[in-house]
Amino acid sequence: MQGPRHPKSSVQGPRSAGATRRSALGLLLGTPLLSACAGVQQSLSQFSSPFSGSSPPAHPAGPPQQATTAGTGGVKVALILPLSAAGNAGLAAQSMRNAAEMALAEFQNPNIQLLIKDDNGSPQGAQAGAQQAVDEGAEIILGPLFAQSVPAVAQVARTRGISVIAFSTDSSIAGRGVYLLSFLPESDVNRIVEYAAGIGKRAVAVLVPDNAYGNVVEATVKSAVPRRGGRIVAFEKYGADRATPARNVAQQLGSADALFIADDGDAVVAVADAMTAAGANLRNIQMLGTGLWDNPRVYASPALQGGLYAAPDPAGFRAFSGRYRTKYGAEPIRTATLAYDAVALVAALARTQGTTRFSSDVLTNPSGFAGIDGLFRFRADGTNERGLAVMKVTTGGGVAVAGSPKSFGA
């Protein structure tokens, strides 16, 4: 794992399987995770929309776990996760905790001590954990996972003037000093629109769900398409009734050279089927999507073959998963790399950035950082931008047609 970029600095990255990874200040190695157990689907589709990670489970949580520590360094870092939450949330939290501890083990001599707090899947628990951590000297907070818990943690952090790196995918809760290290739909949309324009696909028809995720995608695609010299020739939102919006778009498809559908695997297939039923020949148009297309249902759909979507290059997660399996004897959840990257980042910053290590100027370095899933950088408004690959839908899964960028533009 590597640290933040700086023109005159370099840092020693973590060791993995006996090999030392080269590092330059500004680059960090990390990647997202999925489920450590059979009950959690291992794809990006569960972790790339504001629905997942935004609300705690409805089932009662178990008894809160005792606070623990990992590492013996002098820089204290809080890690807040719903370790005792019910169902998949608790399983995901345990996988993220494992990944965080794995980052410490792989980073050579990190000067970090993790203060691990269980928020019990509630804002009250998250706030209590954050308060306990800052009272113990935490200089930055990693987590929580659920969007509704982030403001409670941010309130504590701001009274102490420290930053939060949360794992929620809900960009509405980002803000001053609260940064999201997650998969945001904005990056997906910008990347696929940019790539489509580069191959001459600039007349775009759009179908998005009438929900929070669709609202974010709508705002982004309506900005991204004209910015790349294109135009939106048809736009529809759909709810339970997909047939009417699909029919409206199908009637205008003759003036489009790309059809963008932003939804998860089951819904994308249903919308594509509705388009076909409305008379659209989807084989004659370039299909476009987001990271939610990383789903077996999409790969199995005849209508979506050859479709393009933006997502992290899967090679990073494959390598991470292999090391995780060796260490823990189980599969990581897909977003586990968020916890790995967060810990590796703070370890690199603690080593290289002195007393300003977790300041907003350091965290929002425009050169960004390199994680398991590729480049990422935090924006001043707390959201992030990721350097994504472009993947093509095949019956065997996603195949990269354009790699992740090696650096960010301005």
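**The aromatic rings and their surroundings**

Author: Tyr 309 counts as buried, because its relative accessibility is 2%; buried means under 20% relative accessible area, exposed over 50% and partly exposed in between, with a 1.4 Å probe and protein chains only. This is a predicted model, in which local features need pLDDT of at least 70 and side-chain atom pairs count only at pLDDT 80 or more, while totals for chains, interfaces and linings use all residues. Residues are numbered from 1 along each chain as its sequence is written, and side-chain values use heavy atoms, with hydrogens and water left out.

Trp 293 is likewise buried, at 0% relative accessibility. Rings of Phe, Tyr and Trp (its six-membered ring) form a pair if their centres lie within 6.5 Å; planes under 30 degrees apart count as stacked, over 60 as edge-to-face and the rest as tilted. Eight aromatic pairs are counted by this rule. In one of them, the ring centres of Trp 293 and Tyr 309 are 6.4 Å apart and the planes stand at 45°, so the pair is tilted. The two residues are 16 residues apart and link distant parts of the chain: Trp 293 is in the loop between strand E12 (286–289) and helix H8 (296–300), and Tyr 309 is in strand E13 (residues 308–311). Helices (H or I, at least four residues) and strands (E, at least two) are DSSP runs, numbered from the N terminus.

Phe 369 and Phe 376 form a tilted aromatic pair, with 5.6 Å from centre to centre and 40° between the planes. Phe 369 is buried at a relative accessible area of 0%, and Phe 376 is buried at 0% as well.

Strand E15 (residues 374–378) pairs with E16 over three bridges, and Glu 385 in E16 is the bridge partner of Arg 377.

Elsewhere, Phe 317, Phe 320, Tyr 324, Tyr 328 and Tyr 340 make up one aromatic cluster. Arg 334 lies over the face of Phe 317, at 4.4 Å from the ring centre; a charge sits over a ring if NZ of Lys or CZ of Arg is within 6 Å of the ring centre and within 35 degrees of the ring normal. Lys 222 lies over the face of Phe 235, at 4.3 Å from the ring centre.

Terms used:
Two strands pair if DSSP finds at least two bridges between them.
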